[in-house]
Every structure is written in C-alpha cells, then in structure tokens.
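Me: Please examine the following model with regard to how its chains are arranged and how they meet.

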Amino acid sequence: MAAMRIFPKQIDFFEILEAAAVNVTKASATLLDLFEHYTDVEAKVKDLYEIEQEGDILTHEIIRKLNQTFITPIDREDIQALATNIDDIVDLIWAGVDKMVVFRIEKPTREAIQLANDLNLTTEAIVKAIRDLRAKNYERVKEHCIEINRLENLVDRVYRNALGELFDDFKDDPMMVIKWKDLYGHLEDSADKCEDVANILEGIVLKHA
Amino acid sequence: MAAMRIFPKQIDFFEILEAAAVNVTKASATLLDLFEHYTDVEAKVKDLYEIEQEGDILTHEIIRKLNQTFITPIDREDIQALATNIDDIVDLIWAGVDKMVVFRIEKPTREAIQLANDLNLTTEAIVKAIRDLRAKNYERVKEHCIEINRLENLVDRVYRNALGELFDDFKDDPMMVIKWKDLYGHLEDSADKCEDVANILEGIVLKHA
Amino acid sequence: MAAMRIFPKQIDFFEILEAAAVNVTKASATLLDLFEHYTDVEAKVKDLYEIEQEGDILTHEIIRKLNQTFITPIDREDIQALATNIDDIVDLIWAGVDKMVVFRIEKPTREAIQLANDLNLTTEAIVKAIRDLRAKNYERVKEHCIEINRLENLVDRVYRNALGELFDDFKDDPMMVIKWKDLYGHLEDSADKCEDVANILEGIVLKHA
C-alpha cells in the first residue's frame, strides 16, 4: 500500500455518496416518466443507460478513494456498503428497463406505473437521509429510514397485487405473464435494495448514537 | 460509540440465537401443517406472518446488542451472520407462503409437501446445532452440520424431481408451471439458507477446534 | 485458535487458487463441448458433476488453510472472496447443466452455444489473471480484468439477444420459453460471477499498486 498517504487531503466521501444518491433519483424519475408517458422510449432508455454508467463511475471513485486513505468520517465498510448498494438500485432499474426493450413491451401496466412512482419516492428519501447523515442529524436520518421502510412495504403490497392480477389479466397470454413477472421482479428488487440502504444507514446511526 | 460499555452486563447472545432458531422451526412446522392439511389456510398464513415478524424482532435485538458491547462469546461477525441467515430462512418460508396466496393455489402438490417435510427436519437440526454450540459441544455441532447438509442434498433431489414433473403434470397449463416453479424455488432457497447456516457453524467450530 | 501456528510452513494459496481457476476452465470447456456436440450427454454431465465436486474440495481447502495461518500473501478476505467466487462460477455452470437434464432439453439453441463459447474464453482469462497475480505482474492482471469485463459485456449482449429471440422462436411453446429463460439465466449469472472475480482482482491490484 505504498500509495496510501497517512495525512491525505481530506476526501469528502459524503459528497460522492450524495451525488450517487441523487443519481439514483434521476434513474427512478426517468423510469417514472418513461412509464407514465410511454413516448420517446428510445431517448429515455438512452438516458437511463447514461445514468447507470454515471453510477458506476461514482461507485468506482468511492472504492478507489477508500483504498487511498486511512481517515474516513464513518466506518470504511459502511461507506463501501452504502456505495455498492446505492449503485445496485440504479443497476436494477436499468436492467428492468433494458428488459422492457428486449421483451418488446408495448405499454406499461397500471401497476408498473404505480411501482415506479413509489420507487421514485423511496429514492428521494435516500437522498434526504444521506444529506442528514452528512450533517450529523441522526434523528432525522432515522425518520427517513422509517419512511423508506414504509414505502418499501407499500411497494411490496403493490407488487403482490400486480402479481396476482397478472394471472387474471393475461390468462390467455403466458408470454405476457412471463415477461411482466420478470419486470415486476426488477421493480421489487430495486425497492428491496432501498431497504438495504436504510438498514445500513440505521446501523451507522446506531454506532454514532 | 459513546453508549458502548466496556464492562457491560454480559449479554447472552446464544439465548437470542436459540430463540431465533426455534422461531424458524415454528415457521417450517406451520408450513408443513399448512401443506399437509390445506385447511384453515387464512389462520395458518396469519400465524406465519407473525412468526416472520418475530424473526425480525429477534434479529434486530441481536444486531442492536452487538453494537452495544465489545465482549462477544464468539466472533462478532459470526453472530451477525448467524442471526441474519437464520432470519433469511423465515423470510423465505414466509415469502413462499405469501405467494401461494397471491397465486391462489388451491392445493399443494405432493412434492411441495415432501419439500416442506424435509425443510422442517433441517431447521430442527439447526436448533440442535445452536444448542450444542452454546454448550461448546463442538463435535456434536459438526454432526448436526453434516445432517443439515445431508437434508439439503435431499431437498435438492426432491426439488429437481419436482421441477421435472411440473412440465409433465401441467403440460397444458403454463400458468401452473410458472406458479409452482416459483414456489418450489422458494422452498429450495430456504433449504439453501439452512446450508449457509451450517457453513457458518462449521467455520465457528473450526476456529475453536 | 489453539491449532494456529505463528510460524507455519508457508502455505501456497496461489497454487490452490490457480488449481481452482483451472478447474473452472474445465467446467466451461466441458459445457462448450456438451453444447457444440450434444452427444454422450450423460458422460459429460457426469464429468461436470465431478468438476463441481473438485471445486468444492479446493474451496474448502483454501478456507481451512486460511484458518490455520496468520501469514497470507494477499489480504485474507481477498483470498476468501476469490475462492468462493471462483467456486460459484463452477456451481452455476453445473446447476445450469443439471437443469438441462431436468428439463429434458433435446438440443441446445444456437445462442446457448455462443454463450458457452464466450463464457469459456472468460474463464481462461481468469486463469491468466491468477497466474499474473502470483507473479506480481499487476499491470497484466489489470489487462486480463479488462478482457474479462469485455467478454462479460459480450455475454450480456448475446444474452439479451437470446432472450428476445426466445419469445419469437417458441411463440407457441411457453414451456420452452420458461425452460430456456431459466437456462440462459444460469449462463448469464456465470459470466456475472466472472466479472465479480475481476472486480476482486482489480481491488487487490489497487492495494499493491
């Protein structure tokens, strides 16, 4: 570890984490826009691809800087866990949209729009939580985590409902069932990842309480 | 970490781990009962939901107490890994049952009953292993781990068989294939998690050998 | 940890890691051979099973030796992560082939052959990377990682294409769609695991730069 400086210029990990969280809200807002207005699909998919790439760059930057410094404002493992889990959300959103293209989906279902809407609210709560973590407003971080968990539970219920409807709505079209079952799974997994981020944040708060 | 006490009242992590493991056997026993006698479905599903909630409470208690003490009877990471993986088993069982409701399954398959039975035996071996870990009977912990692995292999074989049958049994009903393929996956994942618990236990035993 | 020796005979972790990586290439080469010439299926499946078992043995050996020594040539966690992720590749290849048998697949698709081919190239790059890591040729490790990432992107594209084709090629056969969607998933997951190995290798190189 020859390159590691013992007294490095302070690296602002929170700044990069916040940028990564804001990047997630861009992904979820683009997803919601895509689902609500299923127009300019190609351009919006391209936007999402770029957002996914930006997420990768931010994550690599955090990992690289973690390897260059001894001094971190919160535990090294927690920064890494936040960075990778935040990036996973973007990856899952991107993978879902990419599959919509592969599956040649002609129109989102009503449930997909609702899932995208709830997911978007969840990612906004993550940005607020990261900002309050940086400001050491630990009580407010906890409140945002409660909100993330509430929204994740909501997504769970919408997902269950969507899954049940699927077998009715497309009962003569197994291909559509196969496709939407997969796509709903991506949306649900994205919300699950938001909950993982909330769990990491709660762990950090606990250590600093 | 201002709240961390250097000489805390000894926290009995094994007691909570054992309670969490016993909770898993409640989940698998309820699952087996549900599958064997597909009556009072609503009440049994409600029971399973409460067992799942109880699992969450126990896991959070362990994590919270880990953050409050320096002194742990076995490595901190091992306690955390045991707690989260034991909780994952309950979550997977619950998620599977919840999907049965969503999919409006009218009757479990013969293979599902067998999988539930083997899974139940596996979780009972986990309780025994945790008890012997607490008593430092490391040789017997190892024996229980061998038994867990044996049962997991059995589940694997039943699962493979069930999957193959599925495409025959419901060859004109793709919806049922989609549904049971998903449900069998939950049962198999639950058994996989039991194997993960056994691997963690073997790692702990190795360190104390 | 009574059994841990402070001055142990130096354990050659790289030797076992290299053996594990070579074992992965055996798995992917057998897979490719199976797909290209769909003959002697039973014998090739048996070979793959033995390769999977060999992978387990090598992984256990690494974990066991890690627990017996303080002195490791690279970080302990990195050795463990390499070992488990390399083993995961073999497990995923084996699980995919095993499912082909369960699903009674009569003939691989053209896309499956291409995926197996690209996966085989990827695993060969992993062996080269491990060898150059052992020789401390860090620049060349990086080059192999870039190649692994390039191949993984290629697999991604082939996979997307294969998935899209599936719904056309078997539009009147939902069972085949269900089966191949699952099998393609295994092949894609295997390539993803190769990328995980590349990420771990890049992390190691970064620390030794």
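**Chain arrangement and contacts**

Reply: In this predicted model, 12 residues of chain C are in contact with 10 residues of chain A.

Me: Which element gives the most to the side of chain C that touches chain A?

Reply: Two helices of chain C, α5 (138-169) and α6 (174-208), each supply at least two residues of the side that touches chain A. Of the elements on that side, the greatest share, 6 residues, comes from α6(C).

Me: How many charged residues does the side of chain C that touches chain A have?

Reply: Sorted by class, that side of chain C has 7 nonpolar residues and 1 polar residue. The remaining class on the side of chain C that touches chain A is charged, and the count there is 4.

Me: By what turn can chain C be laid on chain A, and what relation is that?

Reply: Chain C is laid on chain A with an RMSD of 0.0 Å and a shift of 0.0 Å along the axis, by a turn of 120°. This relation is therefore that of a three-fold axis.

Me: Which residue of chain C comes closest to the rotation axis?

Reply: The distance is taken at the C-alpha atom, and the closest approach among the residues of chain C is 3.8 Å. The residue in question is P174(C).

Me: How many residues of chain A are in contact with chain B?

Reply: On the side of chain B, 10 residues take part in the contact with chain A. α3 (76-102) and α6 (174-208) of chain B are the elements that give two or more residues to that side. α6(B) gives the most, with 3 residues. From chain A, the number of residues in contact with chain B is 12.

Me: How many nonpolar residues are on the side of chain B that touches chain A?

Reply: By class, this side of chain B has 1 polar and 2 charged residues. The nonpolar residues on the side of chain B that touches chain A number 7.

Me: Do the copies, chain B and chain A, meet through the same or different surfaces, and why?

Reply: A rotation of 120° with 0.0 Å of shift along its axis superposes chain B on chain A, with an RMSD of 0.0 Å. Only 20% of the interface residues of chain B are also interface residues in chain A, so the surfaces through which the copies meet are different.

Terms used
Residues numbered from 1 in each chain as written. Chains lettered and ligands numbered in written order. Predicted model: local features only at pLDDT ≥ 70, side-chain atom pairs only at ≥ 80, totals over all residues. Least-squares fit on C-alpha atoms with pLDDT ≥ 70 in both. Contact = placed C-beta atoms within 7 Å. Helix = DSSP H or I, 4+ residues; strand = E, 2+ residues; numbered from the N terminus. Nonpolar A, V, L, I, M, F, W, Y, C, P; charged D, E, K, R; others polar.
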